[in-house]
Amino acid sequence: WKPPGSLPVGPLPRLPTWEWPGGGAPVGGIYTVLQTKAKITSDEWGENYFLMGPYLEQNVRTQVELIDPPHPAVRRTIDSMNAKGCKVYFGRWLIEGGPYVVLLDVGATAWSLDRWKTELWESCAIGVPWYDREANDAVLFGFLAAWFLGEFVAQCEEKPFVIGHFHEWLAGVGLILCRTRKLPVATIFTTHATLLGRYLCAGSVDFYNNLHAFNVDKEAGDRQIYHRYCMERAAVHCTHVFTTVSQITAVEAEHLLKRKPGEGLGKFSAMHEFQNLHAQSKAHIQEFVRGHFYGHLDFNLDKTLFFFIAGRYEFSNKGADIFLEALARLNYLLRVNGSQVTVVTFFIMPARTNNFNVESLKGQAVRKQLWDTANAVKEKFGKKLYESLLVGNLPDMNKMLDKEDFTMMKRAIFATQRHSFPPVCTHNMLDDSTDPVLNTIRRLGLFNSSADRVKVIFHPEFLSSTSPLLPVDYEEFVRGCHLGVFPSYYEPWGYTPAECTVMGIPSISTNLSGFGCFMEEHIADPSAYGIYILDRRFRALDDSCTQLTSFLYSFCQQSRRQRIIQRNRTERLSDLLDWKYLGRYYMSARHLALAKAFPDNFTYEPPEETAVSVRPPRSPIYPAPTLPPRVLRFCAGYGVPGPYISPPPRGIRVYPAPLFPHLAPKGSLHPLPQGFPCIQPLCVPPVMGSVTETPLGLPPDVPKLPLSPFALPAWDFRTLPG
């Protein structure tokens, strides 16, 4: 494969590509990037693509197949390092694409830490304090990675053209050493979130409006991360090609790291049959809810919506604070309007716990007992019914259930009695009194009472199909929910809303996340596709909370049919988030790095549409969706005070009253005449309290419903009287 503008010299086997993640735990955006793009990168580079990371025995047992290296140079390199006291492992990562992995045991070489830290200080003037274990591990991993690369180059019989792609500051030391030791490696550095930016946003500062004003050295020193900041900034300035995961992170990096990056976007592959999978996964979540709310299951699960927020436990950065406040307001709106809709909201954020909550486990045990009782009675009932029908008699319903059956069912019903509210948290928290989520829930009074239309479940642990409480994987859980809510203040890209999109699940993001900005750029009307963009950059916090409440309330008012249509539209965006569409940014970065590191062997002139510099402005790829011509919808106000309906979204045609005589007779299924005239009203943003009154002179027979300003009711004009 030869990309546009690159002229590789020599056979492809001389172009091994190594990629270093910034950490070892299988969580977070970096892990998601490497996992989802492994297939397309393996297709591009074949057997010459390797991933390198720290050795974690627990993860290796379940995710890696250890094998002997098929490449002689790699095998000699590993043997040489192991003979000198290192522990290096080779295998295949058991994901789609099955890439090779080289795993380095940093603990086995801890005896070299002081010597390597001295070398880092003498060569780069970066000092690492003894108490920062994470930074010390980054030093060990970086030196081992550079050692491996240097040994690999020496073991190759012919001069190789090596590409090294490093992710995050934790892998940055290896990149720095590649340059200081003058190794023949073309380097790429990708930051998924700047270190200083994450700390500043956690400190409740007006981050994005003051990017140009921060004294970065002072801010890093005040937060005792100056050595980490130096490692990150040195890697950024040493690399041949610097990329970020989104445009908003590129602006941040330009101010905080003092180098303007290109752009490399992490994407996913779309899955299909998402509507059926949604129904199946929703049934599993409903089973958990039946057990969790036993004794208080006084709401209709068919009219229950599942919202969720998931990610790293950063209360303010991830927007959990504004989400909880919006949920309290939503609860009030649903109660005062007498809504039959119930919202169950999940917070999936790992926190410090010691075990499952006993009451939560009891709920699932009670649910299972009820299920077993119902099955036992059903089998006895079915057997008696079968025997009665065999002899040609209709069953006597008074004899179908005996006294023992009633006793068994009464005992099961008594077991469901509960004198306390269903628990908010599914685990026993170690810091219950200081936990920000629990304290906010206490302040807002969201205690899962019978009167509450919004229920909250805090699951402070990552989901797993082996859990005795909620036995579903994260992907299955997302598919079963109705809406993902991610009102982050600091989100360099936002893989959680992207995962929702490819699974056909609507989501709420912000204009401070890379995903939100990307969708605003590519979609004319994101909300019509189930991508709600919350304004957290140009609005005050209370205004943003009001807007989020309006999004949630409007979603609750949608009918089941409208939600299905919206999920179909959301899933249509999955191609936009496919590696096959925008994986070219990483491809361009790799070949640009080759051209910079080996100018005598490679040249690269990226075409305008794939340049890794700033992209030229362009029109949205996805226009606002249009409705089928045979389904005519009306969404405008009556023009009189009192009952009203929200204004129509863009592209909706409204037919005024004088044209009603042209309609087909009552009950007719004929479409409207060709060239039927229409008017195009203006669109008003769905903000609470905003109403546009459009006098259309509707006939008096049209039902006047007191709908909220967020509803979008749909009527077929052919069903109207007259």
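Predicted model: local features only at pLDDT ≥ 70, side-chain atom pairs only at ≥ 80, totals over all residues.
Residues are numbered from 1 along each chain as its sequence is written, and side-chain values use heavy atoms, with hydrogens and water left out.

Let me start with the whole chain. The protein chain has 23 helices and 17 strands, where helices (H or I, at least four residues) and strands (E, at least two) are DSSP runs numbered from the N terminus. Of its 722 residues, 54% are buried; here buried means under 20% relative accessible area, exposed means over 50%, and partly exposed lies in between, with a 1.4 Å probe and protein chains only. The protein chain exposes about 32100 Å², and carbon and sulfur atoms supply 55% of that area, which comes from the Shrake-Rupley method with a 1.4 Å probe, only the protein chains shown counting as cover for residues.

Six strands form an open sheet in the order 14-11-10-15-16-17, with parallel pairing, and two strands are taken to pair if DSSP finds at least two bridges between them. Its edges are strand 14 (454-459) and strand 17 (531-534), each of which pairs on one side only, and the twist from one strand to the next averages 25 degrees. Within the sheet, strand 10 (residues 304-310) pairs with strand 11 (residues 342-348) in the parallel sense over seven bridges, and Leu 305 has Val 343 in strand 11 as its bridge partner.

Which helices pack on this sheet? One is helix 12 (residues 320-336), which touches strands 10, 11, 14, 15 (483-485) and 17, and whose direction makes about 170 degrees with that of strand 11. Another is helix 18 (residues 495-502), which touches strands 10, 15, 16 (507-510) and 17, its direction making about 145 degrees with that of strand 16. Contact means heavy atoms within 4.5 Å, and axes are lines fitted to C-alpha atoms, for helices over the stretch in contact, with angles running from 0 to 180 degrees between N-to-C directions.

Finally, two single residues. Is Thr 501 buried or exposed? Thr 501 lies in helix 18 and, at 0% relative accessibility, counts as buried; leaving aside neighbours within four places in sequence, its contacts include Phe 515, Met 519, Ile 531 and Leu 577. Ala 365, by contrast, sits in helix 13 (residues 358-390) and is partly exposed, with a relative accessible area of 46%. The C-alpha atom of Ala 365 is separated by 7.6 Å from that of Gly 291, although these residues are 74 residues apart along the chain.
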